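I opened a new structure today and kept notes as I went.

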Amino acid sequence: MGSKWYQCNGNNSDVVLYSKVRVARNLADAPFPERMSAELRKSVSKKLYAAIKSSSLANEFDLINLYDLKPAKAASYCERQLISKEHLKNKETASFMLSKNEDVSIMLCEEDHIRINAFEQGQNLETAYKKADEIDDIFINSVKLAYSERLGFLTASPINLGTGLKASFALHLPALRNNNSICRLSSMVGKLGLSLRELYKGGAGDIYILSNQVSLGISEKSAIDNVNAICDQIVKQERAARESLKENIEFEDRIYRTLGILKTARRLDNDEFLNNLSLLRLGVSLGYFDVDYEIIGEMLFDLQNASLINSAEAELSQPMCEKLRAQIVREKLE
């Protein structure tokens, strides 16, 4: 099996973990998913999968029925951002399509009939958009989509009307969080029609999602350009804040102690793992450690609880997960 997309490097990877473009579409001849029966959801999912299987991308995607999977395997897809928590909650009827290296997932009958999610490492929305647009064209040419000349593409939520596109970056902002700038940043981008929110509960891992909030009355290119421009500014601010941390001997000591913890710990709970991984990544960006971002990305996506249980192919208790996680981290950092 080839490398997953998150095992590669990208532009501005010191701050930008990944780019993501999500496109929402709906069939013109079917009710929105929340009003569909279980059988109709499955029928529509099969119809949409058939559209891809009849295209030039036929061999690029697999259909994954969550209702056929063990709970841990289904949850592992959610941990890797390939499906939403809402899709996981409805796993009895939920399906999605997944590309071979997991850089594109297509949720079927989630909030909308079609949710295309395209990922690219680092700051590269343009490439992520090209992936999503290619798949969007397949659906446009093979099924009748709900579209209004006045409103654009029709979606279950009014906030997604128009292009149905959401462009996002996952940003690693430990220095800005350390100097208490996140609230100010969130307020600033909110005034510009964007949002900045925590990826993990409580801000674990210091990872934040920057995305556009407006899709009506704005072109896809404009949305991408706007998010890119704000991302550029945040990258500059984060780097400047990191430079100031170099002068803080206490913070430098904390970062080096973190590497010691990760190399020797016998148990790591999920939040401790994410927070220590954040400091390790910061240390790499400051030139303290010689660790590849690709290895850190691999650990981030593969070592959370459900993914560990799925990989182990065994029922693991919480303490067992913490022990296995610590073991793998030690091996990765040898």
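**Entry 1: strand β1**

I began with β1, which covers residues 16-25. Nine of its ten residues are buried, so the rest of the structure largely encloses this strand. I note here that the model is predicted. Buried means under 20% relative accessible area.

Next I looked up the partners of β1. Strand β8, residues 165-172, is joined to β1 by seven bridges. The two run antiparallel. I found Ser19 opposite Phe169 of β8.

Strand β5, residues 114-121, is joined to β1 by eight bridges. This pair is antiparallel too. Here I picked out Ala24, whose bridge partner in β5 is Arg115.

**Entry 2: the core**

Which residues touch the most other members of the largest nonpolar core? I listed Ile106, Phe139, Leu210 and Leu280. The core has 110 residues. Helix α7, residues 220-245, gives the most to it, with nine residues.

I then took Ile106 and checked what it touches, leaving out residues up to four places away in sequence. Among its contacts are Ile52, Phe61, Phe96, Met97 and Phe139. Ser95 is on the list as well.

**Entry 3: the largest pocket**

How much space lies in the largest pocket? I noted about 1,200 Å³. Its lining has 44 residues. Nearest its centre lie Gln81, Ser84, Lys85, Glu86 and Arg197.

I sorted the lining by class. It divides into 17 nonpolar, twelve polar and 15 charged residues.

Then I checked which elements supply at least two residues each. My strands β1, β5 and β8 are among them. The list also includes β9 (194-198) and β10 (207-212). Helices α2 (71-79), α3 (85-89) and α9 (270-285) are on it too.

**Entry 4: the second largest pocket**

I found about 230 Å³ of space in the second largest pocket. I counted 14 lining residues, with Arg80, Asp302, Ser307, Asn310 and Ser311 nearest the centre. The elements giving two or more residues to this lining are α2, α11 (305-312) and α12 (318-332).

Which element gives the largest share of this lining? I wrote down α11, with five residues. By class, the lining has six nonpolar, four polar and four charged residues.

How values were computed. Residues numbered from 1 in each chain as written. Predicted model: local features only at pLDDT ≥ 70, side-chain atom pairs only at ≥ 80, totals over all residues. Heavy atoms only, no water. Buried < 20%, exposed > 50% of the residue type's maximum accessible area, 1.4 Å probe, protein only. Helix = DSSP H or I, 4+ residues; strand = E, 2+ residues; numbered from the N terminus. Pairing = 2+ DSSP bridges. Core = buried A, V, L, I, M, F, W, Y, C linked by side-chain atoms within 4.5 Å. Contact = heavy atoms within 4.5 Å. 1 Å grid on protein atoms, 1.4 Å probe; cavity = no way out; pocket = protein on both sides within 12 Å on 5 of 7 lines; lining within 4 Å. Points joined across faces, edges and corners; volume = space filled by probe spheres on them. Nonpolar A, V, L, I, M, F, W, Y, C, P; charged D, E, K, R; others polar.
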